[in-house]
Structure formats: C-alpha cells, structure tokens
Amino acid sequence: MENVTTLTPLKQPIVFELEGFHIPPGYGSFLFFLALLNYIVVLLGNGVVVCVIVIDKNLHRPMFVMVCNLVVCDLLGATAVLPRLMMHFLTGEKRMAYIPAIAQAFSVHMYGVAVQTILAAMAYDRYIAVCEPLRYHAIMTSARLHSCCALAWFVAVLCIAVLFGFHMNVPLCGNIIKHVYCSNRAILSLACSFTSAELLLCLHAGIFIIIAFSYFRILHASLKQSGDSCVRSKAFQTCASHLVVYVLYEIAAMIIILSQRFPSASHNIKKFFSILFIIIPPTINPVIYGLVSKELLGEKQFSHNSAHRVIKS
C-alpha cells in the first residue's frame with residue numbers, strides 16, 4: 001500500500017498502515033516471545049499488587065487506593081499497545097482500521113495523562129500527611145479520597161476527549177503511520193494541513209507545577225523538623241517511591257523526545273525508545289509499590305510521632 005501524496009482528503013473507511021519495526025527474517029517469533037513475556041510480567045506484577053491491597057485490610061488507606069488507580073493506568077497502557085505489537089511480530093500484520101486506531105491512540109494518551117493526574121493526587125495526599133499530620137484523617141476522608149481519584153480521571157478523560165474532539169474531523173491525506181502504534185501526533189501528521197496540539201503540553205506543565213509545589217512544601221516541612229531525625233527520615237521515605245515513579249515516567253518521555261533529535265539514528269532504535277514508557281514503568285512499578293507498602297505500613301507510627309512533636313512544640 002503506497003502513501004497518498006496528493007492533498008485530496010481520504011474518504012471513510014480509512015485503513016491505516018503502521019510502519020512498525022523492520023524485523024529481520026526469522027526474528028519475528030523471538031520478538032513475539034519477548035513482548036508476550038513482558039505483557040505477562042505486567043499482568044502478574046500489577047495483579048499481585050491489586051490482590052494484596054484488596055486482601056490486606058491494613059492497606060485500605062488513601063495512598064494504596066491511589067496505587068490501585070495507578071495499576072489500572074499501567075494495565076491500560078500495556079494492553080493498548082502490547083497485544084497489537086505481538087500480532088505485528090508474529091504475523092507481520094500492520095493494517096489497522098480507523099476506529100481501532102483512534103481507540104488505541106485514545107487509550108495511550110489516557111494512560112499518559114491519567115498517570116500524571118493520579119501522581120498529582122498522590123502528591124497532595126503526601127503533602128497533607130507530612131504538613132498537616134494532626135488533621136490528616138479529618139482532611140483526607142473517604143469522600144475526599146474518592147473525589148481526588150475521580151477528579152484525576154475526569155481531568156484526564158476531559159483533556160483527551162477535547163483533544164480528540166478538535167481533531168476528529170481533520171481531513172487526512174495519508175494513511176501510513178510511521179510508528180509502531182497510533183497516537184494523536186502520528187495521525188495528525190497525515191492531515192492535509194498543519195494542525196497544532198498544544199493542550200497536552202499545557203496540561204503536562206500544569207501537573208508538573210502541582211507536583212513540584214507539593215513536594216517542595218513537603219521538603220520544607222521535613223527540614224523544619226530539625227530536632228527529630230526519625231520524623232524527617234520517614235517523611236523522605238514516604239515520598240521517595242512516589243517521586244521515583246514520576247521520574248521514571250518523565251525519563252521515558254524525555255528519551256522519546258531526545259531520540260527524535262537524531263535523524264541519523266536507526267528507525268528501529270527510535271521506535272523502541274518510543275515504547276519504553278509503555279513497557280518499562282508498568283513492569284518496574286509493582287516493585288516500587290512493594291517498597292511503598294513497607295514504608296506506609298509504618299505510617300501510623302510516623303503520623304503519631306509527627307503529631308506528638310507538634311503538640312510538644
């Protein structure tokens with residue numbers, strides 16, 4: 001199938017063809033096995049996290065509810081890309097109809113935005129726990145917790161819906177997507193005229209400011225506890241794992257951006273870098289969540305010490 005080079009808009013039904021990876025003969029089955037193994041690890045790792053949180057009543061706390069929401073994000077992102085990628089490796093199938101392509105792009109962007117909004121909600125929770133230990137349970141009630149989680153998902157859905165709503169009817173003059181999965185940017189690159197998509201950048205900047213402000217206040221409050229190294233250490237511990245998760249996503253996103261700045265680099269390498277944020281964080285995060293559980297199991301003692309110190313002072 002050849003790319004359409006004229007400016008004549010395509011008519012429905014549009015069938016996209018993903019450029020995909022260049023797979024040397026005989027390597028398809030091996031790559032399929034690696035993708036399948038990665039997907040199984042993601043499903044098992046995140047599934048175990050959810051089961052442990054649901055079964056252990058000691059973990060029925062705000063932070064772990066938010067961790068469950070992050071698990072859903074990880075499963076959404078991996079499921080949106082990896083099964084289709086496995087089919088590509090095993091059968092060489094590259095064609096994708098318009099509606100499935102839009103659904104995949106929507107899911108991938110939902111994954112990326114919802115992860116950030118939920119991490120922002122987690123930053124807010126940590127801010128209250130460290131800076132307002134006496135009022136934590138009064139502020140972070142069950143209703144407030146579910147409102148925070150619902151707001152995180154609502155903001156993500158709204159932004160992606162608005163983004164796709166603006167571009168849904170943009171005339172397309174090409175059908176070859178030079179990528180391994182469909183995204184808003186990849187589809188808009190086929191538009192007959194230039195179309196900008198700045199909404200995601202603005203949202204990303206806003207979430208970064210919220211998270212940076214929250215952890216700055218946490219750091220400031222922790223350093224003020226100059227006479228209580230235990231409280232300060234626990235404050236750092238309860239926030240470190242969440243920052244690692246956020247930084248992990250940011251590094252993966254930065255690798256995608258930087259890889260596009262080197263036109264001489266192999267196309268397969270660029271495409272591999274572009275799926276790192278889909279395959280790496282969902283695989284590593286269950287380990288990080290395990291560290292979070294160890295830290296937060298001692299959170300009651302931490303909150304008690306913090307409150308006791310506030311009362312003394």
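Reply: A residue counts as buried under 20% relative accessible area, as exposed over 50%, and as partly exposed in between. The model discussed here is predicted.

Me: Is glycine 290 buried, partly exposed or exposed?

Reply: Glycine 290 lies in helix α11, which spans residues 281-296. Its relative accessibility is 27%.

Me: How far apart in space are glycine 290 and valine 52, C-alpha to C-alpha?

Reply: In sequence, glycine 290 and valine 52 are separated by 238 residues. In space, the distance between them, C-alpha to C-alpha, is 9.9 Å.

Me: Which class of accessibility applies to valine 50?

Reply: Valine 50 is part of helix α1. The relative accessible area of valine 50 is 27%.

Me: What is the C-alpha to C-alpha distance between valine 50 and valine 67?

Reply: Valine 50 and valine 67 stand 17 residues apart in sequence. Their C-alpha to C-alpha distance in space is 8.5 Å.

Me: Are α1 and α2 roughly parallel or roughly antiparallel to each other?

Reply: Helix α1 (residues 28-55) packs with helix α2 (residues 62-91) at an angle of about 165°, and their axes are 9 Å apart. Angles over 145 degrees count as roughly antiparallel. The two helices, α1 and α2, are therefore roughly antiparallel.

Me: What is the handedness of the crossing of α1 and α2, and how many nonpolar residues does their contact have?

Reply: The crossing of α1 and α2 is left-handed. By class, the contact of α1 with α2 has five polar residues and one charged residue, and its nonpolar residues number 21.

Me: Is α2 roughly parallel or roughly antiparallel to α5?

Reply: The axes of α2 and helix α5 (residues 142-167) come within 10 Å and cross at roughly 20°. Angles under 35 degrees count as roughly parallel, so the relation of α2 to α5 is roughly parallel. The crossing of α2 and α5 is right-handed. To restate the term asked for, α2 and α5 are roughly parallel.

Me: Which strands stand at the edges of the open sheet?

Reply: The open sheet has three strands in the order β2-β1-β3, with mixed pairing. Each edge strand has a single partner strand, so one side of it is left without a neighbour in the sheet. The edge strands are β2 (95-97) and β3 (176-177).

Me: Which residue in β2 stands opposite phenylalanine 16?

Reply: Strands β1 and β2 pair in the antiparallel sense over three bridges. On β1, Phe16 and Leu18 form the covered face, whereas Val15 and Glu17 form the uncovered one. The residue in β2 opposite phenylalanine 16 is methionine 96.

Me: Which residue in β3 is the bridge partner of glutamate 17?

Reply: Strand β1 (residues 15-18) and β3 run parallel and are joined by two bridges. Leucine 18 stands opposite isoleucine 177 in β3. The bridge partner of glutamate 17 in β3 is isoleucine 176.

Conventions
Residues are numbered from 1 along each chain as its sequence is written. This is a predicted model: local features need pLDDT of at least 70, side-chain atom pairs count only at pLDDT 80 or more; totals for chains, interfaces and linings use all residues. Side-chain values use heavy atoms; hydrogens and water are left out. Axes are lines fitted to C-alpha atoms, for helices over the stretch in contact, and angles run from 0 to 180 degrees between N-to-C directions. Helices (H or I, at least four residues) and strands (E, at least two) are DSSP runs, numbered from the N terminus. Angles under 35 degrees count as roughly parallel, over 145 as roughly antiparallel, 65 to 115 as roughly perpendicular and the rest as oblique. A crossing is left-handed if the near helix is turned anticlockwise from the far one by less than a right angle, and right-handed if clockwise. Ala, Val, Leu, Ile, Met, Phe, Trp, Tyr, Cys and Pro count as nonpolar, Asp, Glu, Lys and Arg as charged, and the others, Gly among them, as polar. Two strands pair if DSSP finds at least two bridges between them. Buried means under 20% relative accessible area, exposed over 50%, partly exposed in between (1.4 Å probe, protein chains only).
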